[in-house]
Amino acid sequence: PLHWANRHRNIRYQHRGSAPAYALDMTVLVLEDNLIWSVKLRNGLQSLGHEAIVVSSLPPDLPRANAAIVNLTSRADALTQVIPRLKDAGIYVIAHAGHKDKQLLDVGRSLNCDAVVTNGILFHKLAAVLSLVKIRDMH
């Protein structure tokens, strides 16, 4: 898993209009059962030019997506099933939890999520977090 502080200090952004160039044309699956958070994430993703697919649980047939955002707090009971299923489908998994939820953040790391970030980082630096998906795709 990538550690936020080590991977984001030197990211450079190229802007085209109001949206970063790397943030266009991605489909992001948001696994969220909290209505307020799901609306915030959907709006943030759409403002960056992404398609957001918001679900409260994984459907039997996974939608095609470049990345998935999983709230470790709301899905704590099903993490051992949800995250491996996303990873097996080749979806970049971004897991998040509160900065005081160190045990949940550690669970995300132990399940090999591609990125594990705090809620604050996810909401305030969403474009930078999502840029990791593009960085991976370029390798």
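## A polar pair to start with

The side chain of N119 makes a polar contact with the side chain of H96, at 2.6 Å; a polar contact here is a pair of N or O atoms within 3.5 Å, where, within protein, one must be able to donate a hydrogen and the other to accept it, and residues adjacent in sequence count only if both atoms are side-chain atoms. This is a predicted model, in which local features need pLDDT of at least 70 and side-chain atom pairs count only at pLDDT 80 or more, while totals for chains, interfaces and linings use all residues. Residues are numbered from 1 along each chain as its sequence is written, and side-chain values use heavy atoms, with hydrogens and water left out.

N119 is found in helix α5 (residues 119-124). At 16% relative accessibility, N119 counts as buried (buried means under 20% relative accessible area, exposed over 50%, partly exposed in between, with a 1.4 Å probe and protein chains only). Leaving aside neighbours within four places in sequence, N119 is in contact with W37, H96, A97 and G98, contact meaning heavy atoms within 4.5 Å.

## The chain as a whole

Now for the wider view. The chain has six helices and eight strands, which are DSSP runs numbered from the N terminus (helices are H or I, at least four residues; strands are E, at least two). Starting at the N terminus, the order is β-α-β-β-β-α-β-β-α-β-α-β-α-α.

Of the 139 residues, 46% count as buried. Among contacts between residues at least 6 apart in sequence, 69% join residues at least 24 apart.

The largest nonpolar core has 22 residues, and L29, L72, I83 and L86 touch the most other members. A nonpolar core is a set of buried Ala, Val, Leu, Ile, Met, Phe, Trp, Tyr and Cys residues joined through side-chain atoms within 4.5 Å. Two or more residues each come from β4 (27-31), β6 (67-71), α3 (79-88), β7 (92-97) and α4 (102-110), and α3 gives the largest share, four residues.

Apart from this core lies another, of 20 residues, among them A52, I94, A115 and V133.

## Helix α3

Which residues of α3 are buried? They are L79, V82, I83 and L86. Seen down the helix axis, these fall within an arc of 85 degrees, so they line one face of α3; the arc is that of the directions from the helix axis to the C-beta atoms. That buried set packs against β4, β6, β7 and α4.

L86 is in contact with L29, L58, L62, A68, V70, I91 and V93, leaving aside its neighbours within four places in sequence. On the other side of α3, T80, Q81 and D88 are exposed. Just after the helix, G90 takes a positive phi of about 80 degrees.

## Helix α2

N34 caps the N-terminal end of α2, with a side-chain oxygen 3.0 Å from the backbone nitrogen of I36. In this helix S38, L41, G44 and L45 are buried, and they fall within an arc of 135 degrees seen down the axis, so they line one face of α2. L35, I36, K40 and S47 are exposed on the other side. After α2 comes G49, whose phi is positive, near 95 degrees.
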